[in-house]
Amino acid sequence: LEFMDEISQMYPGVSFLDAGCGSGILSLAAAKLGFRPIHLFDNDPKAVEIAKENLQNIPIEEIEIDTADVQNYETPFTFRVVAVNILAPVLQNNAENIKNFVCNDDNPGYLLLAGITTEQYAAIKETFQGLGFREKAVRNISEWTSGWFERIE
């Protein structure tokens with residue numbers, strides 16, 4: 001959320017994808033921070049149902065919610081900001097696909113990774129740096145680490 005807040009102040013109104021959305025809390029925050037359009041998905045149909053309930057009172061037409069797995073999710077376009085809250089093994093196995101969710105043009109594209117244990121973070125960081133991302137910031141809370149990456153390739 002801290003990373004999203006910073007980005008929304010620098011680049012208001014940019015597109016947002018919430019991969020592994022769970023209850024939709026990050027998408028709810030994205031809506032309140034002014035991100036548009038907002039797309040979100042999760043592989044758990046129950047999570048998607050809960051996310052729909054949590055977002056039903058948001059008066060935004062530009063929200064799309066899907067049930068999909070990260071390995072086969074096809075984005076309708078690339079996104080300026082992509083938040084991925086998925087366990088490290090799934091991130092590792094799907095890093096190339098996740099990379100393709102993020103814009104790669106003249107404006108910055110950002111990837112926010114969360115749900116990673118601190119001991120697994122170094123390997124995740126190395127994987128995404130190898131795919132053309134640069135770490136901008138990192139946050140540690142207890143045994144969890146989150147990273148903010150900018151796509152540079």
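**Salt bridges in the predicted model**

A search of the whole structure identified seven salt bridges, a salt bridge being a side-chain nitrogen of Lys or Arg within 4 Å of a carboxyl oxygen of Asp or Glu. The structure is a predicted model, in which local features need pLDDT of at least 70 and side-chain atom pairs count only at pLDDT 80 or more, whereas totals for chains, interfaces and linings use all residues. Residues are numbered from 1 along each chain as its sequence is written, and side-chain values use heavy atoms, with hydrogens and water left out.

One of the salt bridges pairs Lys46 with Glu49, with 3.6 Å between the closest N and O atoms. Both residues belong to helix H3 (residues 45-55) and are three residues apart, about one turn of the helix. Helices (H or I, at least four residues) and strands (E, at least two) are DSSP runs, numbered from the N terminus. Lys46 is partly exposed at 48% relative accessibility, as is Glu49 at 39% (buried, under 20% relative accessible area; exposed, over 50%; partly exposed, in between; 1.4 Å probe, protein chains only).

Arg80 and Asp105 form a salt bridge with an N to O distance of 2.9 Å. Arg80 lies in the loop between strands S3 (63-67) and S4 (81-85) and Asp105 in the loop between helix H5 (95-99) and strand S5 (110-117), so the pair ties together parts 25 residues apart in sequence. Arg80 is buried, at 14%, whereas Asp105 is partly exposed, at 43%.

A salt bridge also joins Arg134 to Glu150, the closest N and O atoms being 2.9 Å apart. This pair links distant parts of the chain, with Arg134 in strand S6 (residues 133-141) and Glu150 in strand S7 (residues 144-151), 16 residues apart. Arg134 is partly exposed, with a relative accessible area of 41%, and Glu150 is buried, at 15%.
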